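Thanks for coming, everyone. Let me put the structure on the screen, and then we will walk through it.

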Amino acid sequence: MLKVLTIGNSFADNATRYLEEIAAAGKDVELILGKANIGGCSLEKHWNLVEQCDLLTDVKPYNFYMTGAETCSATLKEALVSEKWDFVTLQQVSDLSWRAETFFPYIQKLYDLVRKLATQAQIVIHQTWAYRCDAEELKNYGITQEEMFAHLKQAYAEASKKLGCRIIPCGEAFQKARAIFNYTPDESYNPENVQPLELPEQSKSLIKGYYWRTGNTITGKAELHIDGRHGNEKGCYLANAVWYEMFTKNSILDNKFCPEGVSQEELDILKNVAHETMKEYGGSY
């Protein structure tokens, strides 16, 4: 029985989107997955919520998910003591992931809390990934995708060294896969002048990218949006494959699970990238 708890946000949700299904298709793996995730939640916010919950006992800010149990409202402390977790993951919110000065003291405080309440658990750090090269956020930050990755890689490495924790190298895997898929923005696509449901060529992307909201939107019209942060089916599978190897000691290469929307050719590339990245980072436990 393998028990993994995430303390994160939507990137942890991405990285575990298929994990239970991959584990079910694996060898001798029975997984209990717990999620103490809040969308957009930074390390600082996670810690502030811990302190708030200590003061206000009726506050339970986490919509706590656990395999085989009913999702419920909980505090982080309640999530930590709800099972004998084998692993607990920590991460910074993606938009601060490239700023090393935002990690401490909050990741240290959360680390100490886990050490106190889940003494049996190994704590690991989830390295998030850089945004898509055409993400609006990169323009606002004044950096490129490669620069964001270099900064976040260094920030996570520093945190890993200070805490003595291993890294789940999802960001590294994304960069390696990007070099193979070689996504480039569709220059023929003008988001200011398109027909409803018309999308650019983005099949080589690991990120969701452009999409349409339909139905009961604010304006009543179909609305075009771009998500330059979160993984699509390929990106989520890649992160999940890294997590699977990290925690189960099994190779992803012979795992039969394939998410809908991913071709066999793409699957083979993603498996190999995940496997080679884990080898580079010291392999599984």
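Start with the largest pocket, which has 14 lining residues. Those nearest its centre are Cys-133, Gln-145, Arg-178, Ala-179 and Tyr-183. A quick word on terms: we work on a 1 Å grid over the protein atoms alone. A pocket is an open set of points with protein on both sides within 12 Å along at least five of seven lines. A cavity is a set of points where a 1.4 Å probe fits but cannot get out. Lining residues have an atom within 4 Å of a point.

This is a predicted model, where local features need pLDDT of at least 70, side-chain atom pairs count only at pLDDT 80 or more, and totals for chains, interfaces and linings use all residues. Residues are numbered from 1 along each chain as its sequence is written, and side-chain values use heavy atoms, with hydrogens and water left out.

Back to the largest pocket. Its volume is about 210 Å³. Volume here is the space filled by probe spheres set on the points, with grid points joined across faces, edges and corners. Which helices supply at least two residues each of this lining? They are α7 (145-163) and α8 (170-181). Helices are DSSP runs of H or I with at least four residues, strands are runs of E with at least two, and both are numbered from the N terminus. α8 gives the most, with four residues. By class, the lining of the largest pocket has six nonpolar, four polar and four charged residues. Nonpolar covers Ala, Val, Leu, Ile, Met, Phe, Trp, Tyr, Cys and Pro; charged covers Asp, Glu, Lys and Arg; the others, Gly among them, are polar.

Next, the second largest pocket. It holds about 180 Å³ of space. Of its 13 lining residues, Asp-134, Pro-185, Asp-186, Tyr-189 and Tyr-210 are the closest to the centre. How do the classes divide here? Six are nonpolar, seven are charged, and no polar residue takes part.

Now the helix packing. α7 and α8 pack at about 150°, with axes 10 Å apart. Axes are lines fitted to C-alpha atoms, for helices over the stretch in contact, and angles run from 0 to 180 degrees between N-to-C directions. That makes α7 roughly antiparallel to α8. The cut-offs: under 35 degrees is roughly parallel, over 145 roughly antiparallel, 65 to 115 roughly perpendicular, and the rest oblique. The crossing of α7 and α8 is left-handed. Left-handed means the near helix is turned anticlockwise from the far one by less than a right angle; right-handed means clockwise. From α7, the contact uses Gln-145, Phe-149 and Lys-153; from α8, Gly-171, Glu-172, Gln-175 and Arg-178. Contact means heavy atoms within 4.5 Å. One of these residues is nonpolar, three are polar and three are charged.

α8 also packs on α9. Their axes come within 10 Å and cross at roughly 135°. The two helices are therefore oblique to each other. This crossing is right-handed. α8 brings Cys-170, Ala-173, Phe-174, Ala-177 and Phe-181, while α9 brings Lys-234, Gly-235, Leu-238, Ala-239, Val-242 and Trp-243. That contact has nine nonpolar, one polar and one charged residues.

Move on to α9 (233-248) and α10 (264-280). Their angle is about 40°, and their axes are 9 Å apart. That makes α9 oblique to α10. The crossing is right-handed. By class, this contact has 10 nonpolar, one polar and four charged residues.

The structure holds one cavity of 30 Å³ or more. The largest cavity has a volume of about 40 Å³. α9 gives the most to its lining, with four residues. β1 (2-8) and α2 (19-24) each supply at least two. The lining has nine nonpolar residues, one polar and no charged.

Last, two backbone details. Most residues other than glycine have a negative phi, and most peptide bonds are trans. What joins Phe-104 and Pro-105? A cis peptide bond, with omega about 10°. Pro-105 sits in the loop between β5 (87-90) and α5 (106-117). Then there is Asn-182, with a positive phi near 55°. Asn-182 lies in the loop between α8 and β8 (207-213).
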